[in-house]
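Please read it alongside the model shown here.

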Amino acid sequence: GSRRIEFFLGSADHIRYFTCRNTRPIHHTDSSALMIGGVAMPRICRIIFFVWLSWGWRTCASFVVTQSGVKTPFNVVLDTTCSDCQHWVSGQLKPLWNDQDFQQVILESFDLKFLAHSVTRHTQGPLLNKVLNCAQHQLETSVFVESLLCWEGNVDAWVPIPGSNRFQEHQLNVTNLMVQCMPRDALQNLATCAAENTSAIEVFSLPAGFNEVPWIVVGTNTYSMGGDDSGVYHLKNVLCQHAADNEKPASCSHSQSLITEHADLQS
């Protein structure tokens with residue numbers, strides 16, 4: 001029958017769990033060494049194995065794990081030149097992130113990842129989104145989110161055409177934007193990454209059925225303006241529903257009462 005590899009990588013309180021099929025079983029239960037049949041692999045073997053894992057194995061399912069259990073996937077596809085995406089970041093994500101209790105819930109209960117993908121015709125869109133993908137790839141989650149909030153709050157991609165109700169493209173100084181929003185010690189690496197012609201920095205592929213931004217997937221549920229829009233306009237309620245019971249902040253109790261009241265009205 002089909003065999004599989006099961007192993008853990010990382011520290012004792014924040015590790016990454018992989019499952020790979022069609023190979024001999026490998027089990028790791030101690031965060032300091034990779035175990036094969038109960039025997040710790042030598043350091044050089046672990047290095048070689050990690051390189052193989054990173055570059056040669058493409059059928060592993062990866063889940064971030066904490067001591068409280070598996071984190072819920074929380075994937076967001078956005079376009080930095082999309083006004084609806086900016087509204088979602090500033091109106092939905094930012095208030096939760098600025099609430100220290102809720103920020104802790106996001107970091108501890110969810111595996112938050114972003115994919116910047118161009119959907120508008122803004123000529124600088126690909127570059128702006130590339131910088132964000134490079135930052136997502138290189139920065140710790142908490143550092144990246146802070147940079148994202150600054151970035152989305154300062155990208156004026158479109159400006160009104162005087163005397164009309166239309167908008168026109170506004171050219172941005174991307175270098176200045178990076179200096180303003182990205183960590184100083186990461187600027188050179190981000191600039192180098194943004195200049196490279198690669199998509200390897202994208203942390204996940206476009207979800208099945210994707211057709212607009214923002215496109216949000218929490219657990220196995222998909223949220224968009226054209227479908228179930230609760231994750232677009234009521235992100236707090238959605239995250240409260242998915243967060244582990246012992247990690248929910250007190251504010252989730254109010255959100256749950258609103259959800260129940262809404263359900264009663266619908267019925």
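Phe74 has Val218 in S11 as its bridge partner, and strand S7 (residues 72-78) is joined to strand S11 (residues 215-218) by 4 bridges, the two running antiparallel. The model is predicted, so that local features need pLDDT of at least 70 and side-chain atom pairs count only at pLDDT 80 or more, while totals for chains, interfaces and linings use all residues. Residues are numbered from 1 along each chain as its sequence is written, and side-chain values use heavy atoms, with hydrogens and water left out.

**Sheet**
- The order S8-S7-S11-S12 describes an open sheet of 4 strands with mixed pairing, where strands (E, at least two residues) and helices (H or I, at least four) are DSSP runs numbered from the N terminus, and pairing requires at least two DSSP bridges between two strands.
- Strand S8 (110-116) and strand S12 (221-223) are the edge strands, each pairing on one side only.
- From one strand to the next, the twist averages 15°, with axes fitted to C-alpha atoms (for helices over the stretch in contact) and angles running from 0 to 180 degrees between N-to-C directions.

**Helices across the sheet**
- Helix H3 (residues 100-109) lies across S7 and S8 and runs at about 90° to S8, contact meaning heavy atoms within 4.5 Å.
- Helix H4 (residues 125-138) also lies across S7 and S8, running at about 155° to S8.

**H2 with H3**
- The axes of helix H2 (residues 83-98) and H3 come within 5 Å and cross at roughly 105°.
- In this contact, Leu96, Trp97 and Asn98 of H2 meet Gln100, Phe102, Gln103, Ile106 and Leu107 of H3.
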